[in-house]
Amino acid sequence: MPDLFPRLTHADSRPALFIGDEAWTYAELAGAALEHAALLERNGVEAGDRVAVWAQPDLCTAAAMIGNAVAGVATVPLNPKLGSSELAHIYDDSVPKLAFCAEGHDVPHEVAAVPSLRAAYSPDGASLPALPIDESPALVLYTSGTTGPPKGVVLTRRNIAANLDALAEAWEWTERDTVVHSLPLIHAHGLVLGLLGSLRVGGALHYVPRFTPKSVGEALVDPRHEQTMLFAVPTMFHRIAEAAEHDGGLRDALCRSRLLVSGSAGLSLREHQRVQTLTGRGVHERYGLTETLINCGVPASQAPMPGYVGPPLPGVELKLVDDQRQEIDAYDDQTIGEVVVRSAAVFAGYLNREDATAAVLDEEGWFHTGDLGTRSERGAIRILGRRSTDLIKTGGYRVGAGEIEACLLEHPSVREVAVVGIPDEDLGQRIAAFVVLRPGEDEDSAALTGFVAERLSPHKRPREVHFTTELPRNAMGKVQKKLLAPASGG
Ligand code: MLC
Ligand code: AMP
């Protein structure tokens, strides 16, 4: 029978996870996951329920996520920095039976309706039962749209296994690899690829709880690892390249890694070249979305292709379509169309949002990404922008302009607001808010920034606030965001 994590069902003493100074073998991780599953049962959780997990950087967090799968429940990962309004929305929408937090960390918010469960596991070795690869929901990942609050993306075990196997093939990813990353354990990149991917191939994950170029560099050359792969977002590569200018050890660490992989946003040609010049080796890009997981990637067997995210992964069908959703045949590297994909990794739908699912997933199973790209003669894809300027990618995080606007409009001093993404060398895009205050009100930008950080989450806070007396509108009264940020949306 196909099994989601074969190495956990024949668990041995090979290392599975390194988090900070702590480490677990596969047998220890399996034992902890079983302890977690037993704890869920004692607390009345049943197969088919959902359980939220505060994604603290802790071995027990990983055990809880795997233990949830053993118990047949879907994990709703929660960002430990999540603000109060966004958490309330996620709880209301996903209705978790309980929320787990690894002991030793503060539970960020207690919400009476959702009981908190705290535990620390110190396992003896064990093995898991096989986890069948089927259509059961494994994860509900909350991600932003252009308007409204974030939607829950339901990913099944089959989605996850299909995508990880395609990536393993493209990257020649095996049990010999230790992935090093410092991404939050709440999204496709850090959680699905970084954690679940490492466990599915039977390799290891070395998680760096707090991102600094130095700590990532040290993890890459940790003598316990046979060979390493680095997963990072472009903002991290930008900061790593800055630091590597003056740090020979970091340059050496990058050079010795088997594969450097960038994703979640486009890596600029400048950063590609900088890493290449500094270390003598390049960065392999890949492209995906929460809803589809990874669609394209430059194979490890090929040289990096700055500017391109590579061809579709094995098992991914990809086409370009025009505004009428008609297929574009061009392989000319010039004609721009919306990227549309179909694969076993495409999600099961948005939780409780059939309307929103139908808007992006057609009856033949094609998912409309909203991303604009071209295709070369050899099928390599370039991502050039997005259909909507209201989806912002900042530091690799996807943020909807609409949700920030709605949040700021709850502030008593704010009368009108427009939020845009402004090109930024470090973050890719930085969030800017243009605010019209109510007559007689006076507010400073820090107060508004803090208002968003507290209610949504810190990475959604505007990095700049411009106070104005009027927003530019067209004859229909619609705000003309292009006038606020002419080059936004890239
Ligand atoms: C500052 N801070 C505030 C604040 N101002 N907190 C509250 N209120 C305010 N007004 C604090 C923050 O809480 C944080 O604290 C610190 O300042 C800096 O936080 P930041 O601004 O978020 O950090 P930054 O340096 O900008 O982070 C850069 C980054 C981060 C690269 C580390 O953006 C990141 O982790 N990105 C990864 C995104 C990701 O995983 N995307 C994958 C999506 S999946 P403290 O204490 O924490 O320092 C996907 C699919 C695919 O896209 O293809 O992969
Ligand atoms: P998310 O749902 O957070 O995974 O964000 C998905 C979006 O990230 C995609 O729709 C793209 O706009 C963007 N993205 C991911 N990887 C890349 C990449 N390599 N190049 C350009 N954009 C990317």
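This is a predicted model: local features need pLDDT of at least 70, side-chain atom pairs count only at pLDDT 80 or more; totals for chains, interfaces and linings use all residues.
**Entry 1: the shell around ligand 1.** I looked up the residues surrounding ligand 1 and found 24, the closest being Lys-81, Arg-210, Ser-264, Arg-286 and Arg-461. By class, I recorded nine nonpolar, eight polar and seven charged residues in the shell.

Entry 2: I then turned to the arginine side chains. An oxygen atom of ligand 1 lies 2.6 Å from a side-chain N or O atom of Arg-210. For Arg-286 I read 2.6 Å, again from an oxygen atom of the ligand to a side-chain N or O atom. For Arg-239 the corresponding distance is 2.8 Å. On its own, ligand 1 has 1,100 Å² of accessible area, of which the protein covers 73%.

**Entry 3: origin of the shell.** I asked which elements supply at least two residues each, and noted helix H6 (188–201), helix H8 (234–244), strand E13 (284–289) and helix H13 (445–455). H8 gives the most, with three residues. Both domain 1 (6–381) and domain 2 (386–484) contribute to the shell, so ligand 1 lies between them.

**Entry 4: the sheet containing E13.** I traced an open sheet of eight strands with mixed pairing, in the order E2-E1-E10-E9-E11-E12-E13-E14. Strand E2 (22–25) and strand E14 (293–297) are its edges, each pairing on one side only. Neighbouring strands are turned by 25 degrees against each other on average, direction ignored.

**Entry 5: the E1–E10 pair.** I examined strand E1 (residues 15–19) and strand E10 (residues 204–207), which run parallel and are joined by three bridges. Phe-18 stands opposite His-206 in E10.

Notes
Residues are numbered from 1 along each chain as its sequence is written. Chains are lettered from A and ligands numbered from 1 in the order in which they are written. Side-chain values use heavy atoms; hydrogens and water are left out. A residue is near a molecule or strand if one of its heavy atoms lies within 4 Å of it. A polar contact is a pair of N or O atoms within 3.5 Å; within protein, one must be able to donate a hydrogen and the other to accept it, and residues adjacent in sequence count only if both atoms are side-chain atoms. Accessible areas come from the Shrake-Rupley method with a 1.4 Å probe; for residues, only the protein chains shown count as cover. Helices (H or I, at least four residues) and strands (E, at least two) are DSSP runs, numbered from the N terminus. Ala, Val, Leu, Ile, Met, Phe, Trp, Tyr, Cys and Pro count as nonpolar, Asp, Glu, Lys and Arg as charged, and the others, Gly among them, as polar. Domain bounds come from an automatic or database domain assignment. Two strands pair if DSSP finds at least two bridges between them. Axes are lines fitted to C-alpha atoms, for helices over the stretch in contact, and angles run from 0 to 180 degrees between N-to-C directions.
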